[in-house]
Amino acid sequence: METLQDRLTAVRSRIARAAERVHRDPADILLLAVTKIFPAETICAAYHLGLREFGENYVQEFEGKAPALTRLEGARFHLIGHLQSNKSKKAAELFHTIQTVDSAKLARRLNEAGSPLDVMLEVKLSSEEAKSGAAAGELPDLIAAVRSCGNLNLLGLMTMPPWSDDPEAARPVFRALRELAERHGLHGLSMGMSHDLETAIEEGSTCVRVGTALFGKRKKQ
């Protein structure tokens, strides 16, 4: 039976091989362990195997786990799910990075919370109604708004392509995000998940968000 250590080794190997293909340093690619729906014990187990960066989708869910994680020195938590502005204060208290800033209003609310925060701008590059994010054309104003916020440190862009079993299907979306980042002088690119992380790395991802390949399929609640 595969252990978490086995799966972590396999994921790191996939990242290394993908990076090697495009002459990149695997150390430049952050492995973000996505732990939504999994309990605090799972985060602790991953931490003890060397993982330090964790992604959560819901403010309220993570608020329930956070008290059990206070002793994990050096652990950093990223919000990768959609954030409503009325939950921005709590999110700023709980997370080190908010990857889903999609409006100037949300940026201002996070800034007003008073905590230093790393942020990424979520960009919507598909026509799916269920997807969140700012339109590409809104980026100049959004970047300016974030950079005017003294508590926010802009890392780059993130996106979520339409779901497909074919990892190649996401390549045009990943490429478009990279080109947008280059156009606006941004370095960080959060893109790629368990099934398409190789494609994302080949297109320049600096952060792959991996849940299933590390922890298995999530049980429906």
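Is Arg76 buried, partly exposed or exposed, and what is its relative accessibility? Arg76 counts as partly exposed because its relative accessibility is 23%, where buried means under 20% relative accessible area, exposed over 50%, and partly exposed in between (1.4 Å probe, protein chains only).

The model shown is predicted, so local features need pLDDT of at least 70 and side-chain atom pairs count only at pLDDT 80 or more, while totals for chains, interfaces and linings use all residues. Residues are numbered from 1 along each chain as its sequence is written, and side-chain values use heavy atoms, with hydrogens and water left out.

**View 1. A salt bridge joins Glu53 and Arg76.** The two side chains meet at 3.2 Å, N to O, a salt bridge being a side-chain nitrogen of Lys or Arg within 4 Å of a carboxyl oxygen of Asp or Glu. The pair links distant parts of the chain, 23 residues apart, with Glu53 in strand β2 (residues 53–56) and Arg76 in strand β3 (residues 76–79); helices (H or I, at least four residues) and strands (E, at least two) are DSSP runs, numbered from the N terminus. Glu53 counts as buried because its relative accessibility is 15%.

**View 2. Helix α5 (residues 104–112) has buried residues.** Leu106, Ala107, Leu110 and Asn111 are buried, and they lie on the same side of α5 because they cover an arc of only 135° around the axis, the arc being that of the directions from the helix axis to the C-beta atoms. Their cover includes α4 (88–94), β4 (97–101), β5 (117–122), α6 (139–147) and β6 (152–158). Gly114, whose phi is positive, near 90°, follows α5.

**View 3. Strand β8 (residues 207–210) is covered on both faces.** Cys207 and Arg209 are buried on one side, and Val208 and Val210 are buried on the other. Strand β1 (residues 30–34) pairs with β8 in the parallel sense over 4 bridges, where two strands pair if DSSP finds at least two bridges between them. Val208 in β8 is the bridge partner of Leu31.

**View 4. Glu168 and Arg171 form a salt bridge.** The closest N and O atoms of this pair are 2.7 Å apart. Glu168 is partly exposed, with a relative accessible area of 40%, whereas Arg171 is buried, at 15%. Both belong to a network of salt bridges that also links Arg21, Arg175, Arg178, Glu182, Glu202 and Glu203.

Notes:
Contact means heavy atoms within 4.5 Å.
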